[in-house]
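Thanks for coming. Please have a look at it first.

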Amino acid sequence: MFRTNTCGELRLSDVGKEVTIAGWVQRARKMGGMTFVDIRDRYGLTQVVFNNEVDAELCDKANKLGREFVVQITGKVSERSSKNANLPTGDIEIIASDLKVLNRSEVPPFTIEDDTDGGDDLRMKYRYLDLRRNCVRSNLELRHRMAFEIRRYLDSKGFLEVETPVLIKSTPEGARDFVVPSRMNPGQFYALPQSPQTFKQLLMVSGFDRYFQIVKCFRDEDLRADRQPEFTQIDCEMSFVEQEDVLNMFEGLVKHIFKYVKDIDFTEPFPRMTWADAMKYYGSDKPDTRFGMRFVELKDLTGGKGFSVMDDAEYVGAICAPGCAGYTRKQLDQLTDFVKRPQVGAKGMMWVKIEENGEIKSSVSKFYTDDELKAWADRCDAKPGDLILILAGPTMKTRKQLNELRLEMGNRLGLRDPQKFSCLWVVDFPLFEWDDETQRYYAMHHPFTAPNPEDIDKLETATGDVRATAYDMVVNGNELGGGSIRIHEAGLQNKMFRLLGLSEEDAQYKFGFLMNAFKYGAPPHGGLAFGFDRFVSILAGLDSIRDVIAFPKNNSGRDMMIDAPSAIDQEQLDELQIALNLTDEK
């Protein structure tokens, strides 16, 4: 072995021991006749001392060390005279008696420090160096611990971990598939799974009544900071259950992990909120309930005053920002610019200030009397010192815009503390969503989601009003996971396919294996999948999932380190019998 101890384990109890450590040079400092070198490995950092008066040759060798050199050092553990309370090893140091350079290093392209000077693209290109930083390494350690604890918890509840195929059949519904050509079957393609949905349902048909898998999934879709083309799910399914059974089981898992990682006890059941209420009061199916500012509807108080923005609007909604009446005109203009950004899409914003002395000021006082504005303030339960922000327009679109404004105000007021956690279930999603462009219904979740039993009679007559037996878990405004009770009867599943515009032939071609399985006694079943990357990032207090993934892609879906995706040789294309038809621009 190259070492007797790691760089993170030596303590005062080890003083006097002869030890050998190995790792990377974090930094070196020359102070008079002494040279201090900090050696780092995955476990921590230890200070090593070289004394020019004791061994001038060894000290000279230490003075030539550069950042990230790989070294092996032998010496005696000694108590530090100047202790570092910020380091677990800060009470000791090693008085070096031998130094071996195991490998030299070029000057790294950025500093290997928590507060690095490397930008995102640079760090992704040299991800193997970025992973040496304590903050990134600790994220992966958290991911490791959570994966093991999730497995332990689910095993204790009788779940079996079963691997499902990675090369499957393409079923182009929802997000785009990544496709894989088959050399042995020219002109035919596999797809990478967007989820193991059909396979876990088949496992229920097979009698594996409690299944889970921590599994890679793939979606060829446009990316954001919290999306990756390949991601990891905690995928789960149960037989002979109803919605309440699934919610209780996996609420238990989430509570267990919060206790294990953060020592937070959620003793009360997580709140339940219907999708309709989430959209009405927050404009989002994943509301951040760490703070208030619920939407208030004002349409009935604003019409008929000759102000077309309000008069012609289908919806007028407001939020009340506490203590913000002191906002300057410049700050209000900044908020107006924010809602006009293309990502938000509003045409403008109106405001009402309730001054500390009770006086009311507004951007629309030209059209409304003080009494009328006071009625708005009363509806919003605004107090002296509060600021009311108002948007108007089409209902669903404006609610989504008001949601963005609410979240922006939450950020500005410091109400979205990453170390404060608010969890809830959103339930009663619509089963279908209508697409104006294609003039047809699509499944809001997927085509195997069971309708609410109370709404089955509406499937043919009021299709858009049918609720799904579907549910999402939301934490701090993030969709942590979701699922549904599944359709297990072939007749109902065929009706679902028909309502989604799938012919009997199309349904048989895409999902015939599942429909055939249902003929042989499919049990009632349901489940859900948690986004594992997002779960880790929430508990790590991060906005992006990239820093909890060892080798992530950037927002263009590229791996900057290995330069993928990339072209392949013509010989490979010929073997696959694939011809490319690229435009000049491509």
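**A helix end, a sheet, a core and some charges**

Just after helix α13, Gly501 takes a positive phi of about 85°. Helices here are DSSP runs of H or I of at least four residues, strands are E runs of at least two, and both are numbered from the N terminus.

Some housekeeping. This is a predicted model, so to speak: local features need pLDDT of at least 70, side-chain atom pairs count only at pLDDT 80 or more, and totals for chains, interfaces and linings use all residues. Residues are numbered from 1 along each chain as its sequence is written, and side-chain values use heavy atoms, with hydrogens and water left out.

Back to α13, residues 490–499: which of its residues are buried? They are Leu492, Gln493, Met496, Phe497 and Leu499, where buried means under 20% relative accessible area, exposed over 50% and partly exposed in between, with a 1.4 Å probe and protein chains only. Seen down the axis of α13, these residues fall within an arc of 165°, so they line one face of the helix; the arc is that of the directions from the helix axis to the C-beta atoms. Their cover includes β18, β19 and α14, contact being heavy atoms within 4.5 Å.

Next, the sheet. Eight strands form an open, mixed sheet in the order β6-β9-β10-β22-β21-β20-β17-β11; two strands pair if DSSP finds at least two bridges between them. At the edges stand β6 and β11, each with a single partner strand, so one side of each is left without a neighbour in the sheet. Strands β21 and β22 run antiparallel and are joined by five bridges, and Gly481 has Phe530 as its bridge partner in β22.

Phe530 is also among the residues with the most contacts inside the largest nonpolar core, which has 64 residues. Such a core is a set of buried Ala, Val, Leu, Ile, Met, Phe, Trp, Tyr and Cys residues joined through side-chain atoms within 4.5 Å. Helix α6 supplies the largest share, nine residues. Apart from this core lies another, of 23 residues, including Leu332 and Leu387.

Last, charges. There are 47 salt bridges, each a side-chain nitrogen of Lys or Arg within 4 Å of a carboxyl oxygen of Asp or Glu. One of them joins Arg399 and Glu297 at 2.9 Å, N to O. Arg399 lies in helix α12 and Glu297 in strand β12, so the pair ties together parts that are 102 residues apart in sequence. Arg399 counts as buried at 12% relative accessibility, and Glu297 as partly exposed at 32%.
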